[in-house]
Amino acid sequence: MIEILVCNGYATVQDMGRPGFRHLGVPLSGALDPVFLQLANALVQNPPTAATIEMRLVGPRLHALTPVLIALTGSVDGRIESVDGDLRPADAWASHHLRTGDTLILGEVQGGVAYLAIAGGVDVPLVLGSRSTYARARFGGLEGRQLAIGDKIKIARCPEQLGEADALRDRELRLPDPPRLDRSPIRVLAGPQREHFTTLAWSRLTSEALVVSHQADRMGLRLNGLRLDHDPRYGADIVSEAVTPGAIQVPGDGRPIVLLADCQTVGGYPIIATVIGADLPRLGHALPGQALRFVEVDLRQALAARHQTAAELAARIASLRPSHSAFDADALYAANLIDGVIDANHAA
Amino acid sequence: MKPRLRDLGDTALTLELGDRVDVALNARVIAARDALGMLPGITDVVPTYCSLTVHYDPAILSRDELAENLCRAAELTLFQGTSVGTLAARWQIPVLFGGEHGPDLATVARATGRSESSVVETLCGAELAVFMIGFMPGFPYLGELPEGLRLPRRTTPRSDVPPHSVAIAGAQAAIYPWPSPGGWHLLGQTPLRMFDLDQPERPALLAAGDTVRFAPIGKHEFADLAAAVDAGELPRAKFLAT
């Protein structure tokens, strides 16, 4: 179990989301970056669907009430302070053991969103098949809200080693080649109401930069910098129909909104374009003031990108290495080199 | 209008049967939903006013196979007409009208040139279709209202509509499951929960394709029903019309 000591950012419990209830108005929710979520879970040997803590703005300060193994993914670094006051670093893209009484102090989340996984998974009740927080209707996660000071977070499946911090230390893993944030244009498909917009609006969307405004949360990002005009024959309203994360809808003022994980299930604004699934995690990392560019692709390219993302994730999970093992590949490699030098000397 | 397919990104496909709010058109959407059935790889099937959107996992179900099935479902609705499917339920929803529970009843009466009791009577005399669920979990869009009750939205939306409020605007009615901002006219309140996580099989009381008739109740009955709902002693089936 861990306790939240300080929480100045926006931290919520998230997993892979809550599909299957959108016909009842229940949003998909789930991690803004499912790839980072799955990597965090892999670093503590959780199943990919285990619930983690999604962190935005700045990470919390946590106190270990029992020995735990945690992992960080994303642009966030931390340090671990022991009861005696000893400090050790807690880098991202690695797992770290905490002894009872240790404090994990996390810094600023620079890439927009980062994840903290706990071996065994965050234990909150399953609500409609998911542990993801949906704050607007106050369900899922911890009491349907963001984490706050004094919250105690239980661990779902206690590993048998619990109680032995040294055994947890031996399970620490690291990811040698972490994913880098992609700054290339975000790939979009023509949206269901593409023809409701002028050709100028479409060419501007796919060639000029838009800027993320301060109206940015888990429901969506409002974008500034370009006005996308509706074709006057259609106007700015449609009969409400289903929407999905990644849809770029444009209300009457011409300022687009990109929908994210917690978006409503239906909407009444025309959708000019839809971000492909493979690039959707990148929207979760977008910060106010950041410029975004979009480029058109077709469905075949979207599917190819989806396969590539899945293959890269699998390769990264396969590349995880123990942080301390005597059989660490780097250590063996170094040892062989030294042996080789010694042998050469003997031969001479 | 001829049915059209539109891709909503690489994980959703929308079958569009028309472009207006219309009971008969919505009934065809519901019939298409019932005809489609569940294919492996479909995650959500979302009926709206005049479209049916299917969210799918392209690693399991190809877009073309889904498109074929959606087209077949659309064709079936033309042959089967718009008969209401077996999945639909007819609900009788108890409502306490006026006073603090329906703060806009007097305004609506004045604006429509009726007495308050005539507004209630006219509303309760109509059988309303559940066009779709959206905006918030369990929020039903109901219609169409009798002509004499149709008003534009309030000029100033409320920031806090109380949960369970029954509201009207234009040709539509709705019931708010949660506290929320809203610009519709509030006529009353139901003691029933529109969204209940204690019923995980179907947390929303209403589903698209159901029909709703409002039934006026008094203060005492409202209090009794509300207490029974809180105690979990009120089966939903009690409010199915026979």
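**Ground rules.** I am working with a predicted model, in which local features need pLDDT of at least 70 and side-chain atom pairs count only at pLDDT 80 or more, while totals for chains, interfaces and linings use all residues. Residues are numbered from 1 along each chain as its sequence is written, chains are lettered from A and ligands numbered from 1 in the order in which they are written, and side-chain values use heavy atoms, with hydrogens and water left out.

**Chain A, domains.** I looked up the division of chain A and found domain 1 (2–174) and domain 2 (186–297), the bounds coming from an automatic or database domain assignment. Their centres, taken over C-alpha atoms, are separated by 31 Å. In the contact (heavy atoms within 4.5 Å), 23 residues come from domain 1 of chain A and 16 residues from domain 2 of chain A. I then noted a buried area of about 1400 Å² between these two domains, 54% of it on carbon and sulfur atoms; this is the accessible area (1.4 Å probe) that two parts lose on being put together, summed over both.

For salt bridges (a side-chain nitrogen of Lys or Arg within 4 Å of a carboxyl oxygen of Asp or Glu), the count between domain 1 of chain A and domain 2 of chain A is one. I also looked up Arg218(A), which forms a salt bridge with Glu54(A), the closest N and O atoms being 2.7 Å apart.

**Chain B, domains.** Here I found domain 1 (4–80) and domain 2 (90–239), with 29 Å between their centres, taken over C-alpha atoms. Nine residues of domain 1 of chain B are in contact with nine residues of domain 2 of chain B, and the area buried between them is about 770 Å², of which carbon and sulfur atoms give 63%. Across this interface I found zero salt bridges.

**Chain B, sheet.** I traced an open sheet of four strands in the order β1-β2-β4-β3 (chain B), with antiparallel pairing; strands pair if DSSP finds at least two bridges between them, and helices (H or I, at least four residues) and strands (E, at least two) are DSSP runs, numbered from the N terminus. The edge strands, each pairing on one side only, are β1 (4–7) and β3 (42–47) of chain B. Four bridges join β1(B) to the antiparallel strand β2 (residues 12–16) of chain B, and I noted Leu15(B) in β2(B) as the bridge partner of Leu5(B).
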